[in-house]
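Welcome! Take a look at the sequence and the structure below, then work through the exercises one step at a time.

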Amino acid sequence: MNYNPVLFKKPFETYNLKLGTVYVYANFLVSEFDEGADITFKNFDELAFIIKTHFLDKPFGFIANRKNSYSINLNDAKVFNETFKNLKAYAIIVYSDLTERIIEIESHFFKFNRKVFKDFDNAIVWIEDCLSKQEKPSYTK
């Protein structure tokens with residue numbers, strides 16, 4: 001399922017990157033990486049720049065719409081964990097049992113607060129709830 005940002009009814013910016021499409025909101029982003037993409041810290045540079053530019057040091061959320069099959073280089077997990085310390089909620093939208101099992105494996109490497117969902121509505125509510133519990137007053141719902 002393609003994510004439809006118009007349904008959320010909040011201002012956003014769309015970026016078409018070499019890895020896929022990203023929708024950036026005030027406090028979180030939604031990614032749709034391309035089929036067959038191999039996500040490494042090195043080729044994540046465009047998105048890393050967008051994250052640093054939009055969120056600076058404030059807490060933010062990340063929703064990965066896993067509508068396509070792609071891989072994440074688990075050898076880079078440590079550097080992802082260290083680089084995005086202000087990532088406070090990581091929601092994954094899954095469409096198959098296989099993807100859920102892959103997420104279980106990834107969870108052993110990534111230290112982010114992660115949760116699996118089957119729909120966007122619950123993922124967005126969870127992201128906003130996690131962010132609203134952060135100490136910094138910069139979160140705006």
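**Exercise 1.** Is Ala64 buried or exposed?

*Solution.* Bear in mind that this model is predicted. Start by locating Ala64, which sits in strand β5. Next, take its relative accessible area, which is 0%. Buried means under 20%, so Ala64 is buried. Finally, look at the surroundings: setting aside neighbours within four places in sequence, Ala64 is in contact with Ser31, Tyr70, Tyr90, Ala91, Ile92 and Ile93.

**Exercise 2.** Work out what span helix α4 should have, and compare it with the model.

*Solution.* Helix α4 runs over residues 120-132, which makes 13 residues. The expected span is 1.5 Å times one less than the number of residues, so α4 should span 18 Å. The C-alpha atoms at its ends are 18 Å apart, in agreement with that value. Now turn to the start of α4, where a side-chain oxygen of Asp119 comes to within 3.2 Å of the backbone nitrogen of Asp121. The buried residues of α4 include Phe120, Trp126 and Leu131. Among the elements covering the buried residues of α4 are β3, β5, β7 and β8.

**Exercise 3.** Find the largest cavity and describe its lining.

*Solution.* First, search the whole structure: 1 cavity of 30 Å³ or more turns up. The largest cavity holds about 180 Å³ of space. Its lining has 16 residues, with Phe44, Phe62, Phe80, Tyr90 and Phe112 nearest the centre. Strands β5 and β7 are the elements that each give two or more residues to this lining. Last, sort the lining by class: 14 residues are nonpolar, none are polar and 2 are charged.

Terms used
Residues numbered from 1 in each chain as written. Predicted model: local features only at pLDDT ≥ 70, side-chain atom pairs only at ≥ 80, totals over all residues. Heavy atoms only, no water. Helix = DSSP H or I, 4+ residues; strand = E, 2+ residues; numbered from the N terminus. Buried < 20%, exposed > 50% of the residue type's maximum accessible area, 1.4 Å probe, protein only. Contact = heavy atoms within 4.5 Å. Polar contact = N/O pair within 3.5 Å; in protein donor to acceptor, adjacent residues only side chain to side chain. 1 Å grid on protein atoms, 1.4 Å probe; cavity = no way out; pocket = protein on both sides within 12 Å on 5 of 7 lines; lining within 4 Å. Points joined across faces, edges and corners; volume = space filled by probe spheres on them. Nonpolar A, V, L, I, M, F, W, Y, C, P; charged D, E, K, R; others polar.
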